[in-house]
Number of protein chains: 4
Amino acid sequence: MTGSSRGRPRSETARSAILEATRALLIEDGYEDMTVSRIAVRAEVGKQTVYRWWKSKAEIVAEAALNGVIPMEAEQPVATDDLVTDVYTLIRNFTEPANERGGSALIRALASASAASETSGAQLWERFAEPTRAAITQRLAAAVDIGDVRDDVELGSVADALIGSLLLRVLSRQPITSADFEALADVILCGISTGSLGQRSTERSEDS
Amino acid sequence: MTGSSRGRPRSETARSAILEATRALLIEDGYEDMTVSRIAVRAEVGKQTVYRWWKSKAEIVAEAALNGVIPMEAEQPVATDDLVTDVYTLIRNFTEPANERGGSALIRALASASAASETSGAQLWERFAEPTRAAITQRLAAAVDIGDVRDDVELGSVADALIGSLLLRVLSRQPITSADFEALADVILCGISTGSLGQRSTERSEDS
Amino acid sequence: MTGSSRGRPRSETARSAILEATRALLIEDGYEDMTVSRIAVRAEVGKQTVYRWWKSKAEIVAEAALNGVIPMEAEQPVATDDLVTDVYTLIRNFTEPANERGGSALIRALASASAASETSGAQLWERFAEPTRAAITQRLAAAVDIGDVRDDVELGSVADALIGSLLLRVLSRQPITSADFEALADVILCGISTGSLGQRSTERSEDS
Amino acid sequence: MTGSSRGRPRSETARSAILEATRALLIEDGYEDMTVSRIAVRAEVGKQTVYRWWKSKAEIVAEAALNGVIPMEAEQPVATDDLVTDVYTLIRNFTEPANERGGSALIRALASASAASETSGAQLWERFAEPTRAAITQRLAAAVDIGDVRDDVELGSVADALIGSLLLRVLSRQPITSADFEALADVILCGISTGSLGQRSTERSEDS
DNA sequence: GATTAAGCGAGACGGTACGTCATGTCTTTGT
DNA sequence: ACAAAGACATGACGTACCGTCTCGCTTAATC
């Protein structure tokens, strides 16, 4: 009854084997066809060991898929002095993981898990989208300071447009091409209007 | 011996009761917690009658959710002579169904179904996204003709940004506000740059 | 509105095709694995036509199996002047149908049908066992008259022993050999005791 | 790495609850109307636990009914020095279980199960009939030694006649009276002929 | 000959049981 | 005390069959 650490300590090996196995099965079978029993067998772990650390299939998937998709974005600060170059780099950093073997499957799994679990849905996507959103808004804020970007723009919308477009392509199983995202970058940077419309005002906005 | 229409004809009553029950359960329980047995009970239909017409839960959900979410497609052509007004109207027509009771749940169900079913994923989203995409690109194409919109813009990207942003908010269970979408419209119409960057070229862009 | 016989008359072709198909399927699949749908398909008949004439699977089987197993009932009166010869003939007439291709299966079907249907069980076996019982008791009664058989013997018991022995062999899927039944005939005709026990009295015996 | 007995051991409680529930439902509903689901519910057991130990309804019923009908026969050796008394006792020991509440139903279930399952049919009846057969032949063999019974009698036939007669009555849902079986005992002990026929020869017997 | 009523093959219907599989819990032995 | 193994209660899965119910077609007897 020393309390803190009696008996055999928890195995970090088991933990990472479970996440790795989950990732592999998610890519092979998809969220719905993957089972906890198979995760345990693949990870060479008892089923109870899985349930000791995570409460449900959705939770395991959330952690496994997040670890599999997003860790690579916390890479470089992405800052040259050219806004266009940097936006392109941001987009590439963002879309490439999704194109790697299984990346799309993991994002689809994230979507299924978040749809399944009412409680963790919001925070799950927050954790998925926030790093990207932070990288984008940070670079753009710098551009606002320099005067390259208008100071009345809602920068979060730009991030949402990028992430949302990616999500749409992943869920609809369309290929994710740089061309598509560069066309989007084009729209975001320059807009679509010829400018004859004048600067839009931002006054109206009572939502439902 | 025509062989075509022998035996008892299929019951349209049963068909629509199944779709209606599916819709209701999708809103109440979500994709994963909804069961085919409960659909059958709620629709006062035998389980076999469900499986006779649809091969899987994903297929039923695809049809039911599409019928429930997108019938707005056949609305008005949306055409005043003011591009800004029309873009706002398009956005409103698109986001309002998602905010109505259950609209978000149906879109989440659509996402889960498409993630679950490899085969029907693409066509499912095609049917969901295409009507909106068509309405948007059609209106913008008219604006291109008049000279309100640049003629080198990839109009599909605009639609994807709108639809993707909606999808992101629905899956992350954020509220869908007009303000958010109007900020997005602002970006899309006018861009974010101060214009000092000049017209972007479109030369670089071949990879997957 | 005479009410008696308007409309299309019932098809005797259909009726006999159903019974024939039932018999075939009973032999191929056994009682439990045979289905009414397959009867209908095999007989090239609508399922409703089956249910128009019989209320349940047990009823169809009862009629089909009886028609298939016991038509030997209307054979010869079996009467030479030698009791031993005649008992042997009776046994042979009785056991041979069971050995023909499918005979055992039909008897097993009869057993299953009677076990399944509380109501028709008694009458079913009555129809199966009674003709045989009648033939046996009739011949023995004649022997009693002549003095070949004791007049205090319960002749029904003799028939039951024969039929029951057959039934036991069929249900336990043992081969049905003449040797077995002739040994039984030996016991029945002569008894097993050496005779030193004297004639048994019949006084004790009231309970259920 | 013994590999033999790891994991949770099988629950004997569950096992006996299943057999008990099966017996109860067999008596209430009969073989055909009893369902595995109801067995599981009644035994407060998961359906999978039933299927883990038995492959089919027929197998469960075989074991349950045998345990319910026959264990009481391994009673006393039944041996006074009076053959008649002992045969009567044997018969009583044999027919009484069938008359107890549900005994007939269990025997009918045994018949249905053996008709349904090709493989286990023979061994099933062997296990049902053999204890009785052994008891009878053993007692009679002793009688042969003393000289009370002829030494050329096929003793198995006597057992078959008794068991078969019981079976016939059970399946045809006739009441099982001692009177009937005592009449049969009378025939078996003394035969039916007046003796003028002389001792039968046993030479003929080529079966079909 | 036209009408009419019933039987016909076909096959979808509302139910219910099947036997399998997954979830999340519980109870063993092994380390 | 934790891990692996795996049995447990629960309950959904997708299939099969039951017995009923339309369909459109065919077949007489009645008009």
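Two residues are in contact when heavy atoms of theirs lie within 4.5 Å. The model is predicted: local features need pLDDT of at least 70, side-chain atom pairs count only at pLDDT 80 or more, and totals for chains, interfaces and linings use all residues. Residues are numbered from 1 along each chain as its sequence is written, chains are lettered from A and ligands numbered from 1 in the order in which they are written, and side-chain values use heavy atoms, with hydrogens and water left out.

**Exercise 1. Describe the interface of chain B and chain A.**

Step 1. Count the residues: 65 of chain B are in contact with 65 of chain A.

Step 2. Take the buried area, which is the accessible area (1.4 Å probe) that two parts lose on being put together, summed over both. Between chain B and chain A this is about 6,000 Å², and carbon and sulfur atoms give 55% of it.

Step 3. Look for salt bridges (a side-chain nitrogen of Lys or Arg within 4 Å of a carboxyl oxygen of Asp or Glu). There are four between chain B and chain A. In the salt bridge of Asp160(B) with Arg169(A), the closest N and O atoms are 3.0 Å apart.

Step 4. Find the elements, where helices (H or I, at least four residues) and strands (E, at least two) are DSSP runs, numbered from the N terminus. On the side of chain B that touches chain A, the elements that give two or more residues are α1 (12-33), α5 (83-99), α6 (103-116), α7 (118-146), α8 (155-171) and α9 (178-190) of chain B.

Step 5. Sort by class: Ala, Val, Leu, Ile, Met, Phe, Trp, Tyr, Cys and Pro count as nonpolar, Asp, Glu, Lys and Arg as charged, and the others, Gly among them, as polar. The side of chain B that touches chain A has 28 nonpolar, 20 polar and 17 charged residues.

**Exercise 2. Find how chain B can be laid on chain A.**

Step 1. Superpose the copies by least squares on the C-alpha atoms of residues with pLDDT of at least 70 in both.

Step 2. Check the surface: 98% of the contact residues of chain B recur in chain A, so the same surface serves both copies.

**Exercise 3. Describe the interface of chain C and chain D.**

Step 1. Here 62 residues of chain C are in contact with 64 residues of chain D.

Step 2. The two chains bury about 6,000 Å² between them, with 56% of it on carbon and sulfur atoms.

Step 3. Four salt bridges are found across the interface of chain C and chain D. The side chains of Asp186(C) and Arg150(D) meet in a salt bridge at 3.2 Å, N to O.

Step 4. By class, the side of chain C that touches chain D has 27 nonpolar, 20 polar and 15 charged residues.

**Exercise 4. Describe the surface near DNA strand F.**

Step 1. A residue is near a strand if one of its heavy atoms lies within 4 Å of it. DNA strand F is surrounded by 43 residues, and the closest are Tyr51(B), Lys47(C), Gln48(C), Gly7(D) and Gly46(D).

Step 2. Of the atoms of DNA strand F within 4 Å of the protein, 71% belong to sugar or phosphate and the rest to bases.

Step 3. A polar side-chain atom of Arg52(D) lies 2.9 Å from a phosphate oxygen of DNA strand F. For Val36(B), a polar backbone atom is 3.2 Å from a phosphate oxygen of DNA strand F.

Step 4. The most is given by α3(D), with four residues on the surface near DNA strand F.

Definitions and conventions
A polar contact is a pair of N or O atoms within 3.5 Å; within protein, one must be able to donate a hydrogen and the other to accept it, and residues adjacent in sequence count only if both atoms are side-chain atoms.
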